[in-house]
Amino acid sequence: MSVYEILFWFLTVMALSCALGVILSRNPVNSVLFLIATFFAISGHYILMNAQFLAIVNIIVYAGAIMVLFLFVIMLMNLNADTEPQKNRLIQLAGVISGGALFLVVLAALRTSTVNVLEQTSTDIGLIKNLGKTLFTQFVLPFEISSVLFLSAMIGAVVIGKKEEGQTA
Amino acid sequence: MELDLMFILGKIILITVILLGSLGIAMYATWAERKVAAIMQDRRGPNRAGFMGLLQPLADGGKLFFKEEIIPDRSTRFLFIMGPGLAMLTALMTSAVVPWGPDIVTNSGIITLQVADINIGILFIFGVVSLGVYGVMLGGWASNNKFSLLSSIRAASQAISYELAMGITLVAMLMMTGSLSLREIVDQQHGFWDGHYFTWNFFKQPLGFLIFFVCALAELNRAPFDLPECESELNMGYHQEYSSMKLGFYLFAEYINMFISSVIMATLFFGGYNFPFMDQVAGAVNPILFSVICVMVLLTKAIGFILFIMFIRWTLPRFRYDQLMRLGWKSLIPLALVNMLITGVVILWVIK
């Protein structure tokens, strides 16, 4: 096995097991930490594909900012494993059925798909220079529209979060 | 992929030297802090251990190592231990992309004084800095103490708020340099005067540097932004439950961070290892000596920044929390945006 393959399998196992850890651990703080580890594994995959910019932005945005906010909420609410409410039987049954259905669909999709050999030739599209050029020439319209979308979401959040006039609480 | 054994060995030596160097400088930064405080308050400061108290950091370290290790009963044990480790790890990781000196060209090959010249250098630093919050947050939460939790949440929200302004300042910088690699940014600031204007970025981005410096202070949790350690409101801060070397790691990580961020400010804005008349000096001495001079120049700049940060700590009073947030969101971010706009206008219409 080459270094590339060893790294690939290591990162894959890490990503999948950490992702399982997110849903299996009972303590929400542990779930968040597993999710952060998953992001690191995915960033590792990006680096293997020579997409350094995506890798680091994934870490800055998701691990560095969004997950910190998640942790905030969880820590302030002080959720623990023993405060988790007991689900009733009907919900559990519905969960099992829908999960099983999803599993079947995924299994069916996986059966018919062919396994592609890892492509190891390094591409330069993930480097920041090429990515920027592509984004601002070929995909400039979708890029700008998505930025407007972010802006509107931000304004919406400010409007919701703002206190109403005369209300001082 | 053939990996050269010599290459790996060289990198390992370089990493070891850099890590030990940063640890040593951070150690003596604690001594310098106490001396600076003493001088500014008309005291003598540490003067018992060794000449001028120079052995004081070793005595402190020894004391911390031999203290009793206490892990609170109701704490989350694993995270409680991981907290200081993470703080230390993120503090040391940033040093990997800093170019410490120019390449040394010898007969047997080129020696690079940089661990990794990746083409996303600045973003790497930014990423590691944004991860630095976790050490504080996890430590504070795992202590299972309300004061620690409040303090760590303060620290984290402060760091997130000031990261934004810092990022926007960096955008303005990058528009000018056109590269994210720290090596290239330093090379662009070669010498001091290029015949028309100063080469150092500080003279091209003075407002940017000011914002960056304030944000760096806030990220470091240094005075006047040391709210997470505000003892009058929060007993001691997020490390209240910590003892022995775990506490030492938290305190020490702050000093390492201070050193590394000083180096980064020197690299980004004050020319890194470049100095006036460096071409003449390079012609006069042999290449190895020249590299040593360059490294010394960078370290001198960094130490200057460290001293400046210390003077600020012992001069200015602490901000109140709402003042801190107002400064970050309502002053620095708009200012950084204006700075970015001006930079864009100048690049588009004046320089072309």
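User: What percentage of the 169 residues of chain A count as buried?

Analyst: This is a predicted model, in which local features need pLDDT of at least 70, side-chain atom pairs count only at pLDDT 80 or more, and totals for chains, interfaces and linings use all residues. Residues are numbered from 1 along each chain as its sequence is written, chains are lettered from A and ligands numbered from 1 in the order in which they are written, and side-chain values use heavy atoms, without hydrogens and water. Buried denotes under 20% relative accessible area, exposed over 50%, and partly exposed in between (1.4 Å probe, protein chains only). By this criterion, the buried share of the 169 residues of chain A is 25%.

User: How many helices does the secondary structure of chain A come to?

Analyst: Helices (H or I, at least four residues) and strands (E, at least two) are DSSP runs, numbered from the N terminus. Along the sequence, chain A reads α-α-α-α-α-α. Its secondary structure has zero strands, and the number of helices is six.

User: What area do chain A and chain B bury between them?

Analyst: Contact is taken as heavy atoms within 4.5 Å, and 23 residues of chain A are in contact with 21 residues of chain B. Buried area is the accessible area (1.4 Å probe) that the two parts lose on being put together, summed over both. Carbon and sulfur atoms carry 81% of the total, which is about 2,000 Å².

User: Which three residues supply 28% of the area that chain A buries against chain B?

Analyst: The contribution of these residues exceeds that of any other three in chain A. They are A:Ile60, A:Phe72 and A:Met75.

User: How many salt bridges does the rule find across the interface of chain A and chain B?

Analyst: A salt bridge requires a side-chain nitrogen of Lys or Arg within 4 Å of a carboxyl oxygen of Asp or Glu. With Asp, Glu, Lys and Arg classed as charged, Ala, Val, Leu, Ile, Met, Phe, Trp, Tyr, Cys and Pro as nonpolar, and the others, Gly among them, as polar, the side of chain A that touches chain B has 18 nonpolar, five polar and no charged residues. The number of salt bridges found across this interface is zero.

User: On which side of α2(B) do the buried residues lie relative to one another?

Analyst: Helix α2 (residues 56-66) of chain B has B:Gln56, B:Pro57 and B:Leu64 as its buried residues. B:Phe65 and B:Phe66 are exposed on the other side of the helix.

User: Which backbone oxygen does the side chain of B:Ser161 reach at 2.6 Å?

Analyst: B:Ser161 is found in helix α5 (residues 146-177) of chain B and is buried, with a relative accessible area of 4%. Not counting residues up to four places away in sequence, B:Ser161 touches B:Met325, B:Trp329 and B:Ile333. At 2.6 Å, its side chain reaches the backbone oxygen of B:Ser157.

User: How far apart in space are B:Ile81 and B:Asn119, C-alpha to C-alpha?

Analyst: B:Ile81 lies in helix α3 (residues 77-93) of chain B and counts as partly exposed at 41% relative accessibility. B:Ile81 touches B:Ile71 and B:Lys246, not counting residues up to four places away in sequence. B:Ile81 and B:Asn119 are 38 residues apart in sequence, and their C-alpha to C-alpha distance is 34 Å.

Notes: A polar contact is a pair of N or O atoms within 3.5 Å; within protein, one must be able to donate a hydrogen and the other to accept it, and residues adjacent in sequence count only if both atoms are side-chain atoms.
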